[in-house]
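Welcome! Grab a pencil and work through these exercises with the model open beside you.

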Amino acid sequence: KQWYQRRVRGATPATPDPTLPSEATLTIKVVEGLELSLPATEKATNLFVQASLRGQVQRTPSGTPKWDSTMHFLVRDCDTDKINVAVFKEFTFAPNMSLGKFDLSISKLLQSGTSGPWNKRLILTETNSGVINVTISIKHFGKG
């Protein structure tokens, strides 16, 4: 049954490959979602956030939009890498419904002038409304 759930629902988180050359680790804590655009017939349950960076894909557990879930990624190139964050409503017998997404450039984050962690309100695109509150930190290898 576990294999079936991972295969059908895409719940298999990709672990960062430690053999690939990397510059840093990125930690993103998905706190909550606000003003998510749902059809009137749908309740704000079975929602999850999926984040990806260069083929590394992780997601929060499904539930209400108060996830408080942490994900870790290896950053290979701080100048070009982007973290993609998407919100979905999970259905058992139908495809998941996209509730919006956001792409965040690592280089723009680092150019903000502070060393982090950063508390961000990510305004979702490809939807009518929606905001995801996250905390992001980056630790460069070989640096404190």
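**Exercise 1.** Does Arg-59 count as buried or exposed, and at what relative accessibility?

*Solution.* Start with the cut-offs: buried means under 20% relative accessible area, exposed means over 50%, and partly exposed lies in between (1.4 Å probe, protein chains only). Arg-59 has 17% relative accessibility, so this residue counts as buried.

Before going on, a word about the source. This is a predicted model, where local features need pLDDT of at least 70 and side-chain atom pairs count only at pLDDT 80 or more, while totals for chains, interfaces and linings use all residues. Residues are numbered from 1 along each chain as its sequence is written, and side-chain values use heavy atoms, with hydrogens and water left out.

**Exercise 2.** Find the salt-bridge partner of Arg-59 and say where both residues lie.

*Solution.* First, the rule: a side-chain nitrogen of Lys or Arg must be within 4 Å of a carboxyl oxygen of Asp or Glu. Arg-59 meets this with Glu-90, as their closest N and O atoms are 3.4 Å apart. Strands here are DSSP runs (E, at least two residues), numbered from the N terminus. Finally, Glu-90 is buried, at 10% relative accessibility.

**Exercise 3.** Over the face of which ring does Arg-59 lie?

*Solution.* A charge sits over a ring if NZ of Lys or CZ of Arg is within 6 Å of the ring centre and within 35 degrees of the ring normal. Arg-59 lies over the face of Phe-48, at 3.7 Å from the ring centre.

**Exercise 4.** Why is the pair of Phe-48 and Phe-88 stacked?

*Solution.* Rings of Phe, Tyr and Trp (its six-membered ring) pair if their centres lie within 6.5 Å; planes under 30 degrees apart count as stacked, over 60 as edge-to-face and the rest as tilted. One aromatic pair is found by this rule. The centres of Phe-48 and Phe-88 are 5.3 Å apart and the planes are at 25°, so the pair is stacked. Phe-48 belongs to strand β2 (residues 47-53) and Phe-88 to strand β5 (residues 82-89), so the pair ties together parts that are 40 residues apart in sequence. Both Phe-48 and Phe-88 are buried.

Conventions. Helix = DSSP H or I, 4+ residues; strand = E, 2+ residues; numbered from the N terminus.
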